[in-house]
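This report describes a ligand site, a sheet and a helix pair. The sequence and the structure are shown first.

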Amino acid sequence: MKKLGLIGFPLGHSFSKKYYLEKFKKENITDINYDLYSIEHIHEFEKIFNDKDFYGVNVTIPHKISVLPYLHELSPEAKAIQAVNCIQIKHNSKGSYLKGYNTDVFGFMESLKPLLEQQHNKALILGNGGAAKAVEYGLKELHIEYKFVSRVKKENNLTYDEVTPNILEEYSIIINCSPVGTFPNIENSPDIPYQHITPKHLLYDLVYNPEETEFLKKGKHQGAKIKNGLEMLELQAEKNWEIWNSISDH
Ligand SMILES: NC(=O)c1ccc[n+]([C@@H]2O[C@H](COP(=O)([O-])OP(=O)(O)OC[C@H]3O[C@@H](n4cnc5c(N)ncnc54)[C@H](OP(=O)(O)O)[C@@H]3O)[C@@H](O)[C@H]2O)c1
């Protein structure tokens with residue numbers, strides 16, 4: 001049996017396991033298993049990648065960065081972001097060869113592209129974590145100018161109280177890369193002046209549970225175009241599958 005899986009800690013509900021097991025069933029794939037590997041310390045990963053049955057893993061919090069020293073190669077976007085969520089594992093006579101990718105970038109870009117209209121050329125990125133870095137890379141690739149909005153004042157960042165009506169007029173894409181509004185805290189939304197959102201705006205929420213967050217509801221109420229993070233998640237899952245099953249030189 002070939003093995004795939006998700007490493008992280010703690011691992012509770014997993015979109016990935018459900019997604020791949022359903023995919024295997026639908027596509028009649030019976031020789032691969034996808035499971036959750038709850039590892040608190042990253043050195044426990046060695047046991048997994050040295051197991052010759054493993055040919056790929058997903059990586060989640062807290063190991064997206066701490067796994068980097070174990071990797072032999074990084075894709076360009078993983079190198080730029082310095083965080084991976086997908087690893088291809090090849091086994092050769094010298095041992096295991098690990099290549100890291102960040103497929104959040106692909107998922108984000110491909111789900112954003114069809115929504116873009118002429119006026120959508122500047123974006124606000126709400127939050128400053130790993131997901132925000134993947135979004136930043138994607139926006140650069142799409143030649144969309146951006147500014148980070150953070151709770152803390154830093155060089156080149158806006159704070160939430162600096163998001164004025166003028167800023168909202170200039171930045172017509174707003175991307176929530178913070179966990180604000182995620183179940184069970186569904187009544188919360190990022191602290192921006194929603195009354196200045198217009199039908200020219202595009203509000204994109206990386207959060208997908210609930211399907212329509214308070215952030216998206218408020219945007220929709222103002223006539224903005226809205227999008228949640230589910231398609232991004234599904235697109236990155238399919239990209240992982242493609243990567244794991246691609247031929248490499250190692
Ligand atoms: N749809 C997808 O495919 C996908 C992929 C990846 C992640 N996500 C989702 O994206 C979200 C962010 O992920 P992440 O890994 O980047 O998370 P993270 O590192 O935990 O947090 C991201 C940033 O959000 C801001 N933040 C955190 N708590 C906040 C609060 N209470 N109020 C306001 N801002 C807050 C912080 O920025 P400041 O301190 O600068 O304010 C933080 O750096 C999560 O909900 C995750 O599930 C979705």
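## Ligand shell

A residue is counted as near a molecule if its C-beta atom, placed from the backbone, lies within 6 Å of it. The model discussed here is predicted. Around the ligand there are 23 residues, and the closest are Gly127, Gly129, Ser150, Ser178 and Gly229.

Three helices each supply at least two residues of this shell: α4 (103–112), α5 (130–141) and α8 (230–244). Sorted by class, the shell around the ligand comprises eleven nonpolar, ten polar and two charged residues.

Strands of a sheet pair through backbone hydrogen bonds, either parallel or antiparallel. In this model, six strands form an open sheet with parallel pairing, in the order β9-β8-β7-β10-β11-β12. Its edge strands, β9 (158–159) and β12 (225–227), each pair on one side only.

Four bridges join strand β10 (residues 173–176) to strand β11 (residues 202–205) in the parallel sense. Asn176 stands opposite Asp205 in β11. Helix α7 (residues 214–221) packs on the sheet and touches β10, β11 and β12. The direction of α7 makes about 165° with that of β11.

## Packing of α4 and α5

Helices α4 and α5 pack at an angle of about 55°, and their axes are 9 Å apart. The angle therefore makes α4 oblique to α5. The crossing in which α4 passes α5 is right-handed.

On the α4 side, Asp104, Val105, Phe108, Met109 and Leu112 meet Ala131, Ala134, Val135, Tyr137, Gly138 and Glu141 in α5. By class, this contact has eight nonpolar, one polar and two charged residues.

Methods. Residues are numbered from 1 along each chain as its sequence is written. This is a predicted model: local features need pLDDT of at least 70, side-chain atom pairs count only at pLDDT 80 or more; totals for chains, interfaces and linings use all residues. Ala, Val, Leu, Ile, Met, Phe, Trp, Tyr, Cys and Pro count as nonpolar, Asp, Glu, Lys and Arg as charged, and the others, Gly among them, as polar. Two strands pair if DSSP finds at least two bridges between them. Two residues are in contact if their C-beta atoms, placed from the backbone, lie within 7 Å. Axes are lines fitted to C-alpha atoms, for helices over the stretch in contact, and angles run from 0 to 180 degrees between N-to-C directions. Angles under 35 degrees count as roughly parallel, over 145 as roughly antiparallel, 65 to 115 as roughly perpendicular and the rest as oblique. A crossing is left-handed if the near helix is turned anticlockwise from the far one by less than a right angle, and right-handed if clockwise.
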